Amino acid sequence: MNFLSELISLLVRFSSAFSIVVLFCFDSFAEDVSPPTFARHPLTSDYYCDGINHGDFNQDGVADIVAGPFWYQGPEFQKKHAIYQPVVQPREPSPTDSMFSFVADFNDDTWPDVLVLGRIHKHAAYWYQNPGADGGVWEKHFVFEKIQGESPTLIDINRDGTLELITHWQGRWGWVAPVSTDSKQPWRFHPISEQGDWKQFYHGTGVGDINGDGRRDLIINDGWFEQPADAMQMWPFHEFRFGETGGAQMFASDVDQDGDNDVITSLNAHGWGLAWFEQVKTNGETDFVKHLIMGSREEEAQFGVAFSQPHALDLADVDGDGHVDIVTGKRMWAHGPTGDIEPQAPPVLYWFRWTRDAQSEIRFEPHRIDDRSGVGTQVIAADVTGDGHADILTVSKLGAFVFEQATR
């Protein structure tokens with residue numbers, strides 16, 4: 001071997017060894033990075049609603065927050081504007097008439113409007129029209145008689161350019177959506193399933209591509225509906241029991257990074273449990289393996305945390321490491337101060353950090369954000385401060401809150 005060949009060989013060996021050291025140091029550093037902290041900013045201490053969301057309602061380029069009858073002007077979120085008549089609700093009885101808020105431009109005038117869903121068996125759904133630059137009254141428009149299920153979602157599930165409100169109606173799953181170019185007309189229900197015995201208070205609903213065909217499927221606690229090529233036809237149903245009595249929002253995400261989507265859900269919205277379900281193949285068919293993230297009080301030592309009533313979930317890359325984390329918490333007094341499990345336990349708010357241990361096992365590491373807020377039926381992880389980091393928006397019977405992520 002001549003001198004030049006020996007030199008090249010030496011450089012290659014040195015480069016490889018240096019790369020390994022750098023990667024090792026980088027991985028070690030990444031694992032040692034402290035998790036982010038959050039600053040607590042109350043929007044109100046009054047109980048108005050159980051749902052919260054965000055949008056740029058005055059089109060000033062800064063995110064605002066909507067919680068029940070008010071939108072709170074960013075970036076300070078201290079100045080509030082009424083969307084409809086505010087009524088403070090008592091904390092002890094049942095929930096409010098504002099369980100979910102969804103933000104979209106429903107009349108195509110470029111101004112974001114607000115869709116409000118009330119209690120399943122008591123209130124109709126309405127959307128409120130943003131008055132725009134002139135300000136004034138938000139005009140109220142009837143949407144649908146009742147939106148059933150405890151965690152409906154608004155999404156363009158069939159990618160036709162129109163947002164659909166996922167729900168079930170008269171024993172069939174499907175969506176409610178506009179059917180007219182006149183945005184003020186009521187929406188209509190479109191079924192995708194056969195008739196079944198689906199309770200109005202059904203827990204556990206989500207949307208995501210389960211089978212990897214590029215189409216969004218409907219996920220429920222009892223399985224998933226596969227979207228066919230023609231979304232207007234009946235969707236085949238695949239049975240699988242994800243939760244016990246069912247949780248809250250459900251998500252499809254590739255937790256283990258093996259190329260297919262897994263399912264993340266709480267197991268019992270009024271009890272215990274949080275888990276991810278690994279997608280596997282059994283005899284060529286899609287199946288799932290349960291991985292518990294959080295269990296009951298008896299399992300607290302094993303998982304590092306235990307709280308009941310995880311009635312709202314969201315996913316986001318909270319720590320900016322490229323992996324999806326989970327945000328959830330304890331709902332306070334869903335059925336009053338003596339109902340459900342541990343009703344007097346602290347109303348905590350947590351995020352669960354995606355990690356992989358030395359044995360390549362995936363864990364979701366719990367980190368407490370707060371113990372004086374909890375969740376309602378909707379929690380949102382989104383960057384509302386404009387610094388590139390996910391903040392947390394939550395509501396409960398203790399009020400409405402923004403948890404601003406500290407810059408790392």
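Predicted model: local features only at pLDDT ≥ 70, side-chain atom pairs only at ≥ 80, totals over all residues.

**Entry: Ser360**

I began with a backbone check. Ser360 has a positive phi, near 65°, and is a residue other than glycine. I placed Ser360 in the loop between β24 and β25. For context, most residues other than glycine have a negative phi, and most peptide bonds are trans.

**Entry: the loop between β4 and β5**

I looked up Phe77 next. Phe77 has a positive phi of about 65°, although it is not a glycine. Phe77 is found in the loop between β4 and β5. Its relative accessibility is 5%, and therefore I noted Phe77 as buried.

Pro75 is also found in the loop between β4 (70–72) and β5 (80–82). I checked the peptide bond between Gly74 and Pro75. That bond is cis, with omega about 10°.

**Entry: the eight-stranded sheet**

I traced an open sheet of eight strands with mixed pairing. Its order reads β17-β16-β15-β14-β18-β19-β20-β21. Which strands stand at the edges? They are β17 (237–239) and β21 (285–294). Each has a single partner strand, so one side of each is left without a neighbour in the sheet. I noted an average twist of 25° from one strand to the next.

Then I looked at one pair inside this order. Strand β18 (residues 249–253) pairs with strand β19 (residues 262–266) in the antiparallel sense, over three bridges. I followed Ser253 across to β19, where its bridge partner is Asp262.

**Entry: the nonpolar cores**

I turned to the largest nonpolar core, which has 19 residues. Which residues have the most contacts inside it? They are Ile326, Phe352 and Phe364. I listed the strands that each supply at least two residues of this core: β20 (274–282), β21, β22 (313–316), β24 (349–356) and β25 (362–370). β24 gives the most to this core, with three residues.

I took Phe364 for a closer look. Leaving out residues up to four places away in sequence, Phe364 touches Val255, Trp276, Ile293, Val324, Ile326, Phe352, Arg353 and Trp354.

I also found a second, separate core of 18 residues. Phe106, Leu115, Phe144 and Ile147 are among its members. As background, nonpolar side chains tend to be buried together in soluble globular proteins.

**Entry: two asparagines in loops**

Asn107 lies in the loop between β6 (100–104) and β7 (113–117). Its relative accessible area is 18%, so I recorded Asn107 as buried. What does Asn107 touch? Not counting residues up to four places away in sequence, I listed Asp113, Trp127, Gln129 and Ser183.

Asn158 lies in the loop between β10 (153–155) and β11 (164–169). With a relative accessible area of 14%, Asn158 is buried too. Setting aside neighbours within four places in sequence, I found Asn158 in contact with Glu164, Trp175, Gln227, Ala231 and Met232.

My last check was a distance. The C-alpha atoms of Asn158 and Val324 are separated by 24 Å, and these residues are 166 apart along the chain.

Terms used. Residues numbered from 1 in each chain as written. Heavy atoms only, no water. Pairing = 2+ DSSP bridges. Helix = DSSP H or I, 4+ residues; strand = E, 2+ residues; numbered from the N terminus. Axes fitted to C-alpha atoms, helices over the stretch in contact; angles between N-to-C directions. Buried < 20%, exposed > 50% of the residue type's maximum accessible area, 1.4 Å probe, protein only. Contact = heavy atoms within 4.5 Å. Core = buried A, V, L, I, M, F, W, Y, C linked by side-chain atoms within 4.5 Å.
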